[in-house]
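This report walks through selected features of one protein, with the sequence and the coordinates shown alongside. Please keep both in view while reading.

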Amino acid sequence: MDIIFGRNRKEQLEPVRAKVTGKIPAWLQGTLLRNGPGMHTVGESRYNHWFDGLALLHSFTIRDGEIYYRSKYLRSDTYNANIEANRIVVSEFGTMAYPDPCKNIFSKAFTYLSHTIPDFTDNCLINIMKCGEDFYATSETNYIRKINPQTLETLEKVDYRKYVAVNLATSHPHYDEAGNVLNMGTSIVEKGKTKYVIFKIPATVPEGKKQEKSPWKHTEVFCSIPSRSLLSPSYYHSFGVTENYVIFLEQPFRLDILKMATAYIRRMSWASCLAFHREEKTYIHIIDQRTRQPVQTKFYTDAMVVFHHVNAYEEDGCIVFDVIAYEDNSLYQLFYLANLNQDFKENSRLTSVPTLRRFAVPLHADKNAEVGSNLIKVASTTATALKEEDGQVYCQPEFLYEGLELPRVNYAYNGKRYRYVFAAGVQWSPIPTKIIKYDILTKSSLKWREDDCWPAEPLFVPTPGAKDEDDGVILSAIVSTDPQKPPFLLILDAKSFTELARASVDVDMHMDLHGLFIADMDGDAKKQAASEEQRDRASNCHGAPPT
């Protein structure tokens with residue numbers, strides 16, 4: 001597994017033209033922008049965890065049937081400090097860095113004190129966020145970095161704390177039709193309280209306030225939810241939305257703040273301060289976007305760990321939401337580089353398998369319903385919500401599919417009733433071995449896989465003017481453990497899951513995490529290209545996609 005995880009990757013600063021086989025749809029014009037860890041050793045020092053690696057951005061620019069690739073390390077303050085020192089000097093979540101032993105005792109003492117309330121890293125290696133016309137590399141700290149999506153140049157650093165009191169924030173925000181950003185973060189012991197803060201960043205500066213050019217200055221707190229524990233808030237990686245509600249899972253995978261405050265002195269990583277409490281409940285918080293207040297009914301389910309929400313929607317007085325859930329936190333443990341060794345296959349069999357689970361929550365619980373009765377009357381799911389004596393509601397999910405991660409949907413259906421999940425397929429291993437299209441309605445699936453190929457998160461790009469939810473393409477960056485097979489960008493027809501094209505590049509490509517597609521073609525031109533593409537398909541034998 002060292003060929004995938006442990007080796008530092010080389011930048012490809014100048015665009016390199018890919019070798020394209022097959023036919024790229026004429027309407028597909030734009031840039032696939034991706035982010036993930038690319039450097040795990042600096043000098044003779046080494047990160048402990050794969051998620052600690054220095055951020056490496058890469059992009060595939062698609063224009064007129066040609067594809068160009070480039071990559072560049074995020075020039076964060078963290079990157080610059082490490083490279084200048086030729087060692088890891090900035091702590092990451094799974095790796096604690098310590099001062100140069102040559103420094104004097106006063107410098108060491110100051111460094112210890114500064115870690116009591118840690119100033120987190122700006123190594124933004126997880127995702128790409130769009131805010132207005134700008135793009136940012138993000139992680140889960142209070143820092144994000146603006147980037148140039150064309151050149152991958154690193155621009156200014158933004159500190160969430162200047163606009164909203166959060167120490168941690170998710171890398172999976174949501175966007176409304178106007179492009180406004182909805183995200184959430186954790187405010188740790190702020191004025192004696194620890195809370196989860198949902199906040200909104202406008203896409204543009206509001207009318208009448210044009211003297212302030214930055215939308216960031218108009219960030220507003222949408223809602224806040226008190227943590228059930230002052231010193232042990234829940235870890236979370238994403239959250240869900242519907243047209244009228246926000247769904248947040250307060251899970252028993254919690255961060256011990258007291259341990260974190262002393263971790264540096266104890267020579268322990270911040271990750272060691274995370275613990276899963278399997279005897280506790282997972283609380284389901286529902287926030288009404290119209291009133292900006294939580295629904296008062298207490299909903300809960302069994303202990304679980306969720307990194308990725310898939311989608312959510314409203315139906316017949318209920319909220320239906322889908323997540324990828326684990327029985328415990330063993331997945332995070334497996335990604336320590338010490339575990340990604342020759343015993344990897346055996347180690348991976350000890351981890352919890354991710355399952356696609358569907359929950360249903362009643363928005364207006366019947367007060368006259370009998371204790372123990374199921375409050376869900378939705379025909380589309382077997383998920384239940386059982387009324388308890390104290391008025392709480394115990395939610396049991398419907399298990400839809402086993403072995404999915406990194407889920408994506410057609411974003412036009414985000415927060416709405418939908419049918420298809422596009423995801424990476426995993427089983428005992430956390431490393432994806434295939435790409436899956438799962439049909440929630442028919443409970444069937446389509447798969448793409450190829451020997452020695454490891455696909456990244458599949459991203460759906462819709463055909464302009466599409467009427468069907470799955471009318472579009474799937475893009476996935478593929479790395480290979482076969483030295484004779486160069487990495488490539490895979491383009492699949494999202495309906496049939498047949499390969500339309502692949503673009504191979506002779507570069508040192510890394511396994512990434514998340515990203516987005518930036519279209520650079522106006523709407524009329526897109527529709528014309530899509531219309532031509534549809535005519536091509538119709539003239540092809542039995543409507544099969546051309547190759």
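## A hairpin in a predicted model

Strand β10, which covers residues 143–147, is joined by four bridges to strand β11, residues 154–159, and the two run antiparallel. Within this pairing, Y143 has D159 of β11 as its bridge partner. The hairpin of β10 and β11 has six residues between the strands, and in it L152 takes a positive phi near 65°. The model described here, and throughout this report, is a predicted one.

## The protein as a whole

The secondary structure of the protein comes to six helices and 39 strands. Of the 547 residues in the protein, 58% are buried, and the accessible surface comes to about 23600 Å², with 50% of it belonging to carbon and sulfur atoms. When contacts between residues at least 6 apart in sequence are considered, 62% of them join residues at least 24 apart.

Five strands form an open sheet in the order β1-β7-β6-β3-β39, with antiparallel pairing. The edges are taken by β1 (12–17) and β39 (514–519), each of which has a single partner strand, so one side of each is left without a neighbour in the sheet. On average, and with direction ignored, neighbouring strands of this sheet are turned by 20° against each other. Strands of a sheet pair through backbone hydrogen bonds, either parallel or antiparallel.

Strand β3, residues 30–39, is joined to β39 by six bridges, and the two run antiparallel; here N35 has H514 of β39 as its bridge partner. Helix α1, residues 77–85, lies across β3, β6 (54–63) and β7 (66–73), and runs at about 120° to β6.

Is S71, which has a relative accessibility of 2%, buried or exposed? S71 counts as buried, because its 2% relative accessibility falls under the 20% limit used for that class. A polar atom of the S71 side chain lies 2.8 Å from the backbone nitrogen of Q12.

## A second open sheet

Four strands form another open sheet, in the order β30-β31-β32-β33 and with antiparallel pairing. In this sheet β30 (404–408) and β33 (444–448) stand at the edges with a single partner strand each, so that one side of each is left without a neighbour in the sheet. Neighbouring strands are turned by 30° against each other on average, direction ignored. Five bridges join β32, residues 434–439, to β33, the two running antiparallel, and D439 stands opposite S444 in β33.

## Aromatic pairs

A search of the whole structure finds 24 aromatic pairs. One of them is formed by Y196 and F248, a tilted pair with 4.7 Å centre to centre and 50° between the planes. This pair links distant parts of the chain, with Y196 in strand β15 and F248 in strand β18 (residues 245–250), 52 residues apart. Y196 counts as buried at 0% relative accessibility, and F248 is likewise buried, with a relative accessible area of 0%.

F422 and F460 form a stacked pair, with 5.3 Å centre to centre and 5° between the planes. F422 lies in strand β31 (residues 420–425) and F460 in strand β35 (residues 459–462), so the pair ties together parts that are 38 residues apart in sequence. F422 counts as buried at 0% relative accessibility, and F460 counts as buried at 8%. Elsewhere, ring pairs link W50, F51, Y332, F335 and Y336 into a cluster.

## K200 in strand β15

K200 has its place in strand β15, residues 193–201, the strand in which Y196 also lies. With a relative accessible area of 23%, K200 is partly exposed. K200 and E220 are 20 residues apart in sequence, yet their C-alpha atoms are 5.4 Å apart in space. Once its neighbours within four places in sequence are left aside, K200 is in contact with D176, N180, V181, L182, H218, T219 and E220.

How values were computed. Residues are numbered from 1 along each chain as its sequence is written. This is a predicted model: local features need pLDDT of at least 70, side-chain atom pairs count only at pLDDT 80 or more; totals for chains, interfaces and linings use all residues. Side-chain values use heavy atoms; hydrogens and water are left out. Buried means under 20% relative accessible area, exposed over 50%, partly exposed in between (1.4 Å probe, protein chains only). Contact means heavy atoms within 4.5 Å. Accessible areas come from the Shrake-Rupley method with a 1.4 Å probe; for residues, only the protein chains shown count as cover. Two strands pair if DSSP finds at least two bridges between them. Axes are lines fitted to C-alpha atoms, for helices over the stretch in contact, and angles run from 0 to 180 degrees between N-to-C directions. A polar contact is a pair of N or O atoms within 3.5 Å; within protein, one must be able to donate a hydrogen and the other to accept it, and residues adjacent in sequence count only if both atoms are side-chain atoms. Rings of Phe, Tyr and Trp (its six-membered ring) pair if their centres lie within 6.5 Å; planes under 30 degrees apart count as stacked, over 60 as edge-to-face and the rest as tilted.
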